[in-house]
Amino acid sequence: MTGHVELRPGAYADSVTLLQVSRSVQGVPGVAAAQVAMATPLNVDVLTEMGFTVPTEAGPNDMVVAIRLTDGGDLDAVLAAVEAALRETGRRDGGPSEEAPPRTTASALRRTAVSGPGAVALVSVPGPSAFVEAMDALESGSDVMVFSDNVPVEQELALKRYAAGRGLLVMGPDCGTAVVGGLGLGFANVVSPGPVGIVAASGTGCQQVLALLDRAGVGVAHALGVGGRDLSAEVRGLATREAMRRLDEDNTVEVILLVSKPPAPDVADEIRSYAGGLSTPVELALLGAGHPDLTEATESLLRARGVAVPEWPVVGTAAAPSGGHLLRGLFVGGTLAGEARIIAESLLGAAVVRGAGHEFVDFGDDAYTAGRAHPMIDATLRLEHLARAGADPDTAVLLVDVVLGHGAEPDPGALLAPVIAGIGKPVVAAVVGTAADPQDLERQVRVLAEAGAEVHVSNARATRRAVELTREATR
Amino acid sequence: MNTPEAVVGVGADLLADAVEAQAVPVTRVDWRPPMEGTESDLAAVAADPRRPEANARALSAMLEVTATLVDVVPAAEALGLEPGQFLHAGPPIEWARASGPLRGALMGGAALEGLVEDPDEAVALFESGTSVSLEPCHHRSTVGPMAGVVTPSMWLWVLEDPASGRRTYCSLNEGLGKVLRYGAYGPEVLTRLRWMGDVLGPLLQRSVRDTVASSGPVDVTGILTQMLQMGDEAHNRNRAGTLMLLRDLSPAMVTSGYDAADVAQALRFVGGNDHFFLNLAMPACKLALDAARGIEGSTMVVAMARNGTDFGIQVAGTGDEWFTGPAQLADGLFLGDYGPDDANPDIGDSAITETAGIGGFAMATAPAIVRFVGGSVPDALATTRRMHEITLGENPRWSVPVLEFQGTPTGIDVTKVCRTGILPQINTGMAGAVAGVGQVGAGLVTPPAEIFPQALAALAQAVPGRSL
């Protein structure tokens, strides 16, 4: 039987509060008796009767914390419970303190009912300010997704080094897409839970894989974005490693798919060696010349898991080629634009693609987003270009992507259809989305097909078809 | 890895909307761009690996201090102040740049010390500067309200932190209106100061010493705890605190053996001066904040002080350096016929109360005076809530009943001020701009914004091996 009596001069709480605190501490395991009270003469008598010895200098302005432990009771733990109870009774949810909006991420996390690992911060402030907001989250023990671009690489490195030492995950900067336990962050598709865990250094590349897996009936546990620079020679896969570690720890994940541009060779070696130490198999989908495209990479993942590769549907018929010589790809997804260029170069030859002036424009590039929203949110700029390119006699074939999911334009088909309907040239569209996406995938496909586009669900397939039509036009 | 239970959204609302559409709650940050040009310094300081621990240490060092009243002694004895040495409020300043009220108080102080016959003769004395010197109170463990002039014969409260033995000092409060600290130096001002020196000081010394001997030092921190629940914010309202001090000292005053008429006059003087306790609240705050000085890497403000010309701050992580900018004019109400043109810019060390999380920071607990400083009750609640956005923590001792006993916002963080653009809110009295006038009003004021980016830049410079 151990007794602990502690005076806290100057500490004060009202008697009702202290009654609640005392009750709550009495319920802590290892506590035989507990009383937290102001040392008024009455309370000193009560404490004395309970068998505690209150120091004679105690006065009514002093708080007394008196605790008797059972055998094996942990005083530090009980004192921590006293602190927690004092804090708890001092604050009530929805009190007036909640009314002023938080002005920093730290303040918001302090007010969020769930903090630490249960909460995620989603940072999309201008790049020069993203670092401090993200640090707030990491210092609170929360993972962070940095949607912002224009974050200097040394700041990215500082964030990821801080996170790596603490088992925290930094998704980004410039991370457009993540799905964490079914919750889409940024531009994310609605997926069913399943055995695949994705680590993606590419937003729309990740979305393409999510869409194709969904079509094949395979669910995704998590898709963790890491930002396009994570596998660079500077950042060296710091977030990729943490993301793979998380997925490896998750028993529902049976296979990890890493979607990225081909990393620097030494970084690739490091990542491969890290992956080798995990108990979950890691497959790579690398976006680059000489590598399988995203559709092929997804197909090989399906085959490896013994899942039948579905027929990727094609809906609608493109107009017959009528002159012109240029393939014009107008994209909202940066990775999708890049994949299209790589495929076209592999089919036509890089020199031919450049010499002929075939275009693969990414409207999400900084040059098009300075002072305006991403084209997945604001379609205006691409629609204008599409109408102009459609009217240009040099244009042979138009290739567009349509990316669905949370955060994206609510009805992109309705905006594109009238423009496409007015173009007499072949239009090929890749619609990247899942059946449960809020925009209604089937309706988007139908509207575009009815407007005269040939609609694919695979960007790679759409690109191959567009190249074929371009060849026909110039034959 | 589990589905996040909560998301904090900072930036585009659309992304927060998309999360809410998936039935996960989002706490949205009301984000605004930081103070101009601070982004890279903010990043450098945010990346300083010492910062989180240093700030936690600074905050807890400050919160652990308890201030007790242990003695009352003349400045000559307490500080070794010699004839010709003058302490003043705020950051360092010379006579040439001193404002009207500071000059007035220095002139009155010179007359009080017998350096000149007539206060007006002191102008030449200070202009020549040969036999006099000026030094900030803060440099001598002291704080002074308004002009804050301390001379060797003035009696000082002596506060001590029992755990460390550290001490801080403050003069005795003269009351309101025509008083030295507001720059008045007429005969009635000097007469009152002489009575305080001859009668009040010795009586309080005897009473405090007897009280300490019979029942221990007076717990100033404890009185602050209680007065904050009795409608005082301990800067512009000190009514409950003053009465509690009287409660603690009056038995010893009565039994001091001093002439009953003198005791009665002293009790009447203290009881009739609602600000009497301010001069105990201030050194209690300084005693707490000084515990956080010199903690490298900490971004916590340890002093805010004004000399009537400059507003200065000192920060835990930047040593004794002052970051200064022009003192601002308060916005508030004026006494009698006085108006904005009569007021001097902000003056006094009393912003040490806000630095410690009370005064303007605890406005919500003092609804009775919101009109006095030109505000409303909702403004007062909003002010205290807003200050939580720029502070490191809460003071568990000092709680605000109307805010569900939330602790007062404590430990001003330079980085948070720069990030949010929210400036510390200070309750203040207004001195007349012309030496000799005295108080002209009271109101609300903030520091000049630019001193926070200055302090931030110095903190960023001090980051070892700055990488960002």
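Domain bounds here come from an automatic or database domain assignment. This is a predicted model, in which local features need pLDDT of at least 70, side-chain atom pairs count only at pLDDT 80 or more, and totals for chains, interfaces and linings use all residues. Residues are numbered from 1 along each chain as its sequence is written, and chains are lettered from A and ligands numbered from 1 in the order in which they are written.

**Exercise 1.** Find the domains of chain B and describe how they meet.

*Solution.*
Step 1. Chain B splits into domain 1 (66–281) and domain 2 (294–461).
Step 2. Taken over C-alpha atoms, their centres are 22 Å apart.
Step 3. Each domain of chain B brings 45 residues to the contact (two residues are in contact if their C-beta atoms, placed from the backbone, lie within 7 Å).
Step 4. On the domain 1 side, helix 5 (100–112) of chain B gives the most, with six residues (helices, H or I of at least four residues, and strands, E of at least two, are DSSP runs numbered from the N terminus).

**Exercise 2.** Work out what chain A brings to chain B.

*Solution.*
Step 1. Count the residues: 60 come from chain A and 56 from chain B.
Step 2. Look for the main contributor on the chain A side: helix 5 of chain A gives the most, with seven residues.

**Exercise 3.** Trace the strand pairing between the chains.

*Solution.*
Step 1. Strand 4 of chain A runs parallel to strand 1 (residues 6–10) of chain B, over five bridges (strands pair if DSSP finds at least two bridges between them).
Step 2. Within that strand of chain B, B:V7 is the bridge partner of A:V120.
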